[in-house]
Amino acid sequence: MNTQTALWVGFNVFVLAMLALDLGLFHRKEHVVSPKEAGGWTVVWIVLSLLFCGGLWYSGFWTTSQATEWVTAYVIEYALSVDNLFVFLMVFAYFRVAPEVQHRVLFWGIMGAFVMRAALILAGTALVQRFHWLLYIFGAFLVFTAAKMAFSKEDDDAADPEQTAIVKLSRRMLPVARQGEGSHFFTIEDGRRKVTPLFLVLMVVEATDLLFALDSIPAVLGISQNAFIVYTSNVCAILGLRSLFFVVSSLMDKFHLLKMGLAAILGFVGMKMLIVFFDIHVPIGLSLGIIGGVLVASIVASLIWPKVEAPEPPAQPAQPGRDREGANS
């Protein structure tokens, strides 16, 4: 087994071991994850991720440039993953997922994300290395996505989860139970094995992650075309997404300008990929500084200029005479 293969195997074994420890020991009993507990796990995942990168750099497996590429890709993926949280909140609220089982749904959602993202990343890096012009298509796609994100209204994002293709297809092809059974994805109803409504929630989470990956993976490919760097930065970012969800779920409204910051980051990475055609290359250190600066600026600006809630329309005074006329008609 060569060094590169050993790194791939070792990384995946470590990640699976940590996930087994997470679900089998720390979250063995279903409970509501408190912001304090989630904050601790968020710090743990970030520290482990940075130790992984620092260890490969210190041991000489990665150069300083490669380590910087990894950190930049990690920051981009982590920042863009925050946008997933808005959708997860909406899905959990719509399907009325109990707080104590939300961690389980996110856990299995991430397990599926590993497989899907690995396939997309390996295919994407192989295609870009063989057909370099694909970078320009990815760049144009990111600029388009950035503009769409920046100018979309909040109402545009408030889609009905029940109307998504994945839910419609699941209800058509799978026997869905009328009621759920705790945190189980399968149950026995009317003498038949059926999927629970919680399974539909899991399908929506998986589909959402796949859609976001179509944005985030091209963005990371704009930083590095090294499959191992792209894959590990993606995995490390989504590992911390579960705990981050419980940290910021009550703070989403305070970071209302974060969406504009994410749009600016996507636009910057897209332009960075396009200007390569003119032999203009943005140094990786400068890219990291710009991306980190935009992210921090959008968060700080959200706190300085909080979101102004639209005033509720005043209640209309009752008109007894008109009501009586309507009742007699």
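**Close-up views of two helix pairs**

**View 1. Where helix 2 meets helix 9.** In this predicted model, Trp45, Ser49, Phe52 and Leu56 of helix 2 are in contact with Phe228, Thr232, Cys236 and Leu239 of helix 9 (contact: heavy atoms within 4.5 Å; helices: DSSP runs of H or I, at least four residues, numbered from the N terminus). By class, this contact has 6 nonpolar, 2 polar and no charged residues (nonpolar: Ala, Val, Leu, Ile, Met, Phe, Trp, Tyr, Cys and Pro; charged: Asp, Glu, Lys and Arg; polar: the others, Gly among them).

**View 2. The axes of helix 2 and helix 9.** The axes of helix 2 (residues 35-58) and helix 9 (residues 227-239) come within 9 Å and cross at roughly 160 degrees (axes: lines fitted to C-alpha atoms over the stretch in contact; angles: 0 to 180 degrees between N-to-C directions). Helix 2 is therefore roughly antiparallel to helix 9 (angles over 145 degrees).

**View 3. Helix 5 against helix 8.** Here the axes of helix 5 (residues 134-151) and helix 8 (residues 197-221) come within 10 Å, crossing at roughly 125 degrees. On the helix 5 side, the contact is made by Leu135, Phe138, Phe141, Leu142 and Thr145, and on the helix 8 side by Leu214, Asp215, Pro218, Ala219 and Leu221. These residues divide into 8 nonpolar, 1 polar and 1 charged.

**Notes for all views.** Residues are numbered from 1 along each chain as its sequence is written, and side-chain values use heavy atoms, leaving out hydrogens and water. Local features need pLDDT of at least 70 and side-chain atom pairs count only at pLDDT 80 or more, while totals for chains, interfaces and linings use all residues.

Note on methods
Parallel < 35°, antiparallel > 145°, perpendicular 65-115°, else oblique.
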